[in-house]
Amino acid sequence: MRVRDRREFSGLYGQVEWNPAQRWHLQIGARLNRTTEQRGVRMVDDAAAIRREESDRKTVVRGSGSAGLVWTVWQKDRDAIRLYASYSDTYKPAVADFGVGAGGEMLAPETAAGAEIGMKGRLA
């Protein structure tokens, strides 16, 4: 069996941080992902005179990003208490499946979304 896998990855990323007031901090990031994968599998069994070829090509363009907001509730010198909230949406291209019995099909990309809220503090 011969497996050929060619991948191309590219992306654009931008991030903005803004402090609209002394106690507020906002951070936003966005990414445009582009992946192209071309995969071919060639199986040859001379004893059984079996020859089989499979190929697949996939291009995915997908956005991802994150946003976070921090509010400083209290601060004195270096000590502070802050409330925060964040959201993220991620994308990771598929990995190649070279396992036993792997065919010409490509695996699905990994995606996730998550949100978080909480409180941080730094006290002497």
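Visitor: Where does aspartate 77 lie?
Guide: Aspartate 77 sits in the loop between S3 and strand S4 (79-92). Strands (E, at least two residues) and helices (H or I, at least four) are DSSP runs, numbered from the N terminus.

Visitor: Before we go on, what kind of model is this?
Guide: This is a predicted model, in which local features need pLDDT of at least 70 and side-chain atom pairs count only at pLDDT 80 or more, while totals for chains, interfaces and linings use all residues. Residues are numbered from 1 along each chain as its sequence is written, and side-chain values use heavy atoms, with hydrogens and water left out.

Visitor: Back to aspartate 77, then. What is its phi?
Guide: Phi of aspartate 77 is near 55°, which is a positive value in a residue other than glycine.

Visitor: And does aspartate 77 count as buried or exposed?
Guide: Aspartate 77 counts as exposed because its relative accessibility is 69%. The cut-offs are under 20% relative accessible area for buried and over 50% for exposed, with partly exposed in between (1.4 Å probe, protein chains only).

Visitor: Zooming out, how many helices and strands does the chain have?
Guide: The chain has 0 helices and 5 strands. Along the sequence, that reads β-β-β-β-β.

Visitor: What share of the residues in the chain is buried?
Guide: Of the 124 residues in the chain, 16% are buried.

Visitor: New topic: how many salt bridges are in the whole structure?
Guide: A search finds 3 of them. A salt bridge here is a side-chain nitrogen of Lys or Arg within 4 Å of a carboxyl oxygen of Asp or Glu.

Visitor: Which residue does glutamate 37 form a salt bridge with?
Guide: Its partner is arginine 7, and the closest N and O atoms are 3.4 Å apart. This pair links distant parts of the chain, with glutamate 37 in strand S2 and arginine 7 in strand S1 (residues 2-21), 30 residues apart. Glutamate 37 is buried, as its relative accessible area is 9%, whereas arginine 7 is partly exposed at 28%.

Visitor: What about arginine 62, which side chain does it meet in a salt bridge?
Guide: Arginine 62 meets aspartate 89 at 3.2 Å, N to O. Here too the pair links distant parts of the chain: arginine 62 is in strand S3 and aspartate 89 in strand S4, 27 residues apart. With 23% relative accessibility, arginine 62 counts as partly exposed, while aspartate 89, at 19%, counts as buried.

Visitor: And arginine 6, who does it meet?
Guide: The side chain of arginine 6 meets that of glutamate 8 in a salt bridge of 3.3 Å, N to O. Arginine 6 counts as exposed at 54% relative accessibility, and glutamate 8 as partly exposed at 33%.

Visitor: What does asparagine 33 touch?
Guide: Leaving out residues up to four places away in sequence, asparagine 33 touches Ser10, Gly11, Val60, Val61, Arg62, Gly63, Ser64 and Tyr91. Contact means heavy atoms within 4.5 Å.

Visitor: Which side chain does it make a polar contact with?
Guide: That is arginine 31, at 2.6 Å, side chain to side chain. A polar contact is a pair of N or O atoms within 3.5 Å; within protein, one must be able to donate a hydrogen and the other to accept it, and residues adjacent in sequence count only if both atoms are side-chain atoms.
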